[in-house]
Amino acid sequence: MGGAWIGLIAISIFLAGCSSPTAPQLPAGAVQIDGTVRYIALEGGFWAVRGDDGVTYDPMNGLAPQYQRENLRVTMVAKIRNDIAGIHMAGPIVEVLSIQTR
């Protein structure tokens with residue numbers, strides 16, 4: 001009976017490791033960025049997200065008005081767009097796929 005319990009426990013641990021309910025499901029090529037909204041007074045001014053990784057991310061279509069608040073903590077899922085250029089020169093341009101306050 002002891003061997004059966006050990007096998008059951010091993011299977012349970014294996015299955016728990018295979019799927020985590022808290023792991024985000026990101027689209028291919030996307031990254032999750034936790035950071036703080038900042039207004040950058042450069043090139044006419046724009047809103048960006050300063051990631052906790054120290055990188056400033058420049059949303060290619062700007063941020064929606066409800067996220068245009070200095071020091072607002074957000075989590076966003078975005079694709080880094082190395083295929084386009086912009087005038088801001090603050091950091092990588094990103095296509096925001098989703099964003100939410102933290």
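What follows is a walk through the strands, the nonpolar core and a salt-bridge network of this structure. Keep in mind that this is a predicted model, where local features need pLDDT of at least 70 and side-chain atom pairs count only at pLDDT 80 or more, while totals for chains, interfaces and linings use all residues. Residues are numbered from 1 along each chain as its sequence is written, and side-chain values use heavy atoms, with hydrogens and water left out.

Let's start with strand β5, residues 93–101. Strands here are DSSP runs of E, at least two residues long, numbered from the N terminus, and two of them pair if DSSP finds at least two bridges between them. On one pairing, β5 runs parallel to β3 (residues 56–59), joined by two bridges; here P59 stands opposite V94. β5 also pairs with β4 (residues 73–80), this time antiparallel and through seven bridges. In that pairing, K79 has E95 as its bridge partner.

Leaving aside residues up to four places away in sequence, V94 touches Y57, D58, P59, M60, M76, A78, K79, I80 and R81, a contact being heavy atoms within 4.5 Å.

V94 also belongs to the largest nonpolar core, together with I33, V37, V49, Y57, L63, Y67, L72, V74, M76, A78 and I99, for twelve residues in all. The elements giving two or more residues to this core are β1 (30–40), β4 and β5, and β4 gives the most, with three. Such a core is a set of buried Ala, Val, Leu, Ile, Met, Phe, Trp, Tyr and Cys residues joined through side-chain atoms within 4.5 Å. Buried means under 20% relative accessible area, exposed over 50%, and partly exposed in between, using a 1.4 Å probe and protein chains only.

Now for the charges. The structure holds six salt bridges, each a side-chain nitrogen of Lys or Arg within 4 Å of a carboxyl oxygen of Asp or Glu. D34, D52, R73 and R102 are linked in a network of them.

D34 and R102 meet at 3.9 Å, N to O. Since D34 sits in β1 and R102 in the segment after β5, this pair ties together parts 68 residues apart in sequence. D34 is partly exposed at 26% relative accessibility, whereas R102 is exposed at 54%.

R102 also bridges to D52, with the closest N and O atoms 3.7 Å apart. D52 lies in the loop between β2 and β3, so that pair connects parts 50 residues apart in sequence.

D52 in turn meets R73 at 2.9 Å, N to O. R73 itself is partly exposed, at 30%.

How values were computed:
Helix = DSSP H or I, 4+ residues; strand = E, 2+ residues; numbered from the N terminus.
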